[in-house]
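Hi,

Here's the structure I promised to pass on. Have a look at it first, then read on for what turned up.

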Amino acid sequence: MKKKKCIAILLAGGQGTRLFALTNTVAKPAVSFGAKYRIIDFTLSNCTNSGIDTVGVLTQYQPLVLNEYVGTGEPWDLDRSYGGVHTLPPYQAKAGGEWYKGTANAIYQNLHFLNEYDSDNVLILSGDHIYKMDYSKMLAEHTAHNADCTIAVFDVPFGEASRFGIMDYGDDMRITSFAEKPKNPKSNHASMGVYIFKKDVLVRELIANEADKTSVNDFGKNIIPNMLKANCKLYAYSFSGYWKDVGTVTSLWEANMDLLGDNPAFNLDDPSFKIYSRNEPLPPSYIGNKGTFANSIMTTGCEIYGTVINSVIGEGVTVKEGAIVENSVIMQGSVIGENVKINYGMIDENVVIGNNAVIGDKQSDKNHIALIGRNTVIKDGSKIQSGEIVDNGGAQA
Amino acid sequence: MKTLGIIFSNLHDKDVGELTAVRSLASVPFGGRFRLIDFVLSNMVNSGITKVGIITKMNYQSLMDHVGSGKHWDLSRKNGGLIMLPPYSDREMSLPKHRFDALKNISSFISHSDEDYVIVSDCDNVCNINFSDVVQSHIENHADITIVVRNKDLENSKSRTLVNLDSDGRVVDVINTDKKRGKSMVFCNILVMNRKFLLHILENSVELNYNSFSKDVLVRGAKEYRIFAYIQNGYFANIDSLSNYYKHSLELLDKNIRDELFYRDGANIYTKVRDSAPCKITESAQVANSLIADGCVIEGEVCNSILFRGVKVAAGAKVFNSIVFQGSEIGKNSLLNCVIADKRVTILEGRTLSGHETHPYFIAKSAVI
């Protein structure tokens with residue numbers, strides 16, 4: 001068995017209830033982002049760009065779209081003969097089967113996957129963050145510290161700190177305290193949900209945690225505090241690039257908007273650190289001569305005859321004549337009818353907006369985004385208010 | 001009806017010498033993100049062909065880089081798949097010059113294949129054809145050879161292979177000429193044969209006195225063999241000169257042609273994936289009637305043009321009626337009109353370059369102006 005320095009486990013089972021209609025029929029990591037990507041592309045591409053060639057993707061909630069999307073892993077160069085990407089759903093075993101109870105239990109149920117590979121370390125990732133990160137640098141620090149566990153840390157605004165796992169660490173980066181979603185956070189050092197464990201430590205802790213019937217089997221609530229108590233060597237790794245949790249409609253919209261502008265907050269155009277994705281074979285996008293297209297991004301296969309301003313336009317989207325799309329995210333395959341007006345809208349995949357429909361109103365802003373679920377057909381002339389959610393239960397249009 | 005695909009990647013390199021100075025005709029960029037070979041290769045794959053040999057002669061590094069293992073066309077297979085066929089020669093032999101020589105050169109590849117039919121195509125055509133229809137008509141006609149032809153109104157004196165048909169669609173006459181004007185039926189450089197028939201004429205070429213495919217097999221053979229025509233009525237562009245390349249490229253700005261070429265019954269055109277970022281069009285940009293590929297960053301004005309992947313147009317720059325290949329950069333306040341800029345061209349600030357619709361101005365790969 002070839003030795004590997006590090007393999008990765010990607011937690012992709014979450015439902016993402018705060019994304020409402022966007023996650024009716026797909027898991028959060030499979031939600032479209034940034035014109036040509038899905039959220040999971042960022043963590044998978046980070047792995048590839050960090051030299052990690054073995055990734056287990058733990059799926060549970062609505063895994064079909066996600067499984068199909070990940071497939072053999074070819075778009076991320078993760079189709080490997082020893083390693084590569086594997087989707088790991090819950091399964092039936094001789095002792096019975098059960099759903100994944102918590103993040104730690106999900107990995108516990110897949111210890112056989114960890115043991116399949118002779119790896120010194122295990123990288124644990126969440127599938128719902130947008131960021132570019134070279135994990136090999138974190139692994140180098142983890143190794144240099146001879147740490148049992150290294151946690152990636154991102155300094156968030158104090159006002160938001162109580163949404164995260166918050167920790168304290170000294171000048172030597174050794175973690176001294178950790179509190180999951182504290183009411184009164186002591187610092188703004190937030191856990192990114194990115195951990196590197198020594199494999200034998202992780203296996204030991206998971207088995208111990210599983211035996212503890214009072215545990216909720218969560219990394220932030222159980223494993224990390226228990227290890228701190230036992231005086232294990234936990235270190236922080238400070239990350240300072242762009243990092244965004246896209247758990248809510250507003251934050252997902254903001255992350256999309258962060259791609260726009262002359263100096264975008266998050267720059268995707270970097271040939272040395274590409275984000276890979278699976279795409280349809282479509283021709284380049286066409287922009288007609290009757291509208292305006294400004295401060296927006298777009299990928300292949302679009303047909304734009306109307307006006308698009310401050311927006312993100314997904315693969316194969318059509319914007320018909322006279323339509324005005326502003327401050328919006330239009331996901332792949334959707335058709336925006338003639339003279340439609342959309343302001344602060346999030347239009348999921350394969351939606352058809354009938355002619356003259358109006359989406360959004362005077363109250364529209366980033367906290368009042370109108371959301372149209374996938375495969376929905378909006379009738380001609382409909383009016384959808386700011387903040388309204390319209391979906392057809394996810395049925396095929 | 002298993003069919004073997006064979007593609008000639010170099011046959012017409014000389015027709016567009018500017019674009020083929022650094023590559024084979026097969027790897028000439030077309031339509032914002034494709035190479036010419038993508039069309040014939042995708043047509044074959046979309047028609048259920050799973051084994052394709054590509055005959056190369058020279059300049060084929062860029063082609064090999066483009067097609068790789070064939071995985072982007074779903075041709076990375078254990079059985080069949082994509083097979084590059086570089087020239088096989090020793091001191092005694094010279095490089096094959098013509099279609100017939102090239103086929104003779106790969107006769108062992110053809111004889112070791114087990115498909116019943118062979119479809120042989122050049123890659124100077126931009127079209128979306130269902131080749132299984134061609135093979136089907138070949139079978140129904142009990143033909144020895146089925147050639148794809150199209151109706152064309154001839155205006156200039158290029159050498160072409162023309163055919164005359166009888167009422168059943170059988171070819172009665174094949175003429176190589178550059179004198180004909182007006183409505184004619186032109187051979188499209190795509191043909192279907194029974195594999196055994198092809199092997200027979202290759203192996204007995206000396207006895208048959210065959211040296212050229214069109215002169216000998218088609219012109220002389222028209223009397224002898226059952227040669228049928230399959231008439232291609234859909235969009236079809238033959239790239240046989242730089243001005244033609246320019247004209248046919250800009251035809252893609254017509255929605256009907258895009259629909260026919262890229263979306264026919266779900267038959268997509270595949271190409272190598274490069275994972276560029278989405279294209280970005282800034283506040284100061286103006287884009288009209290243009291095709292824009294991923295990775296472009298546009299701050300200036302782009303009109304009636306095609307930009308390939310990763311083209312940067314700086315603020316104040318104007319790109320009109322032009323085709324700009326992958327990775328080129330247009331500097332501030334420059335003006336391009338009727339220009340074809342090859343890959344990674346740099347246009348510095350304030351330059352003005354202009355050709356004419358019938359004579360586009362060509363800028364060679366990696367040039368700095």
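One thing to keep in mind: this is a predicted model. To get started, in which loop of chain B does Ala314(B) lie? You'll find Ala314(B) between β20 (312-313) and β21 (318-320).

Is Ala314(B) buried or exposed? Its relative accessible area is 17%, and buried means under 20%, so Ala314(B) counts as buried. Looking past the neighbours within four places in sequence, Ala314(B) touches Glu299(B), Gly300(B), Ile330(B), Gly331(B) and Lys332(B). Take Ile330(B): it sits 16 residues away from Ala314(B) in sequence, yet the C-alpha atoms are 6.1 Å apart in space.

In soluble globular proteins, nonpolar side chains tend to be buried together. The largest nonpolar core here has 72 residues, and Leu44(A) and Met346(A) have the most contacts inside it. Helix α8 (residues 249-257) of chain A is the top contributor to this core, giving 5 residues. There's also a second, separate core of 47 residues, which includes Ala357(A), Ile372(A), Val311(B) and Ile363(B).

Back to Met346(A): leaving out neighbours within four places in sequence, its contacts include Leu22(A), Val249(A), Leu252(A), Trp253(A) and Ile372(A).

Last stop, helix α9 (residues 242-251) of chain B: 7 of its 10 residues are buried, so the helix is largely enclosed by the rest of the structure. Among those buried residues are Leu242(B), Tyr245(B), Tyr246(B) and His248(B). What covers them includes β2 (29-30), β13 (236-238) and β28 (361-363) of chain B.

Cheers

Note on methods:
Residues numbered from 1 in each chain as written. Chains lettered and ligands numbered in written order. Predicted model: local features only at pLDDT ≥ 70, side-chain atom pairs only at ≥ 80, totals over all residues. Heavy atoms only, no water. Helix = DSSP H or I, 4+ residues; strand = E, 2+ residues; numbered from the N terminus. Buried < 20%, exposed > 50% of the residue type's maximum accessible area, 1.4 Å probe, protein only. Contact = heavy atoms within 4.5 Å. Core = buried A, V, L, I, M, F, W, Y, C linked by side-chain atoms within 4.5 Å.
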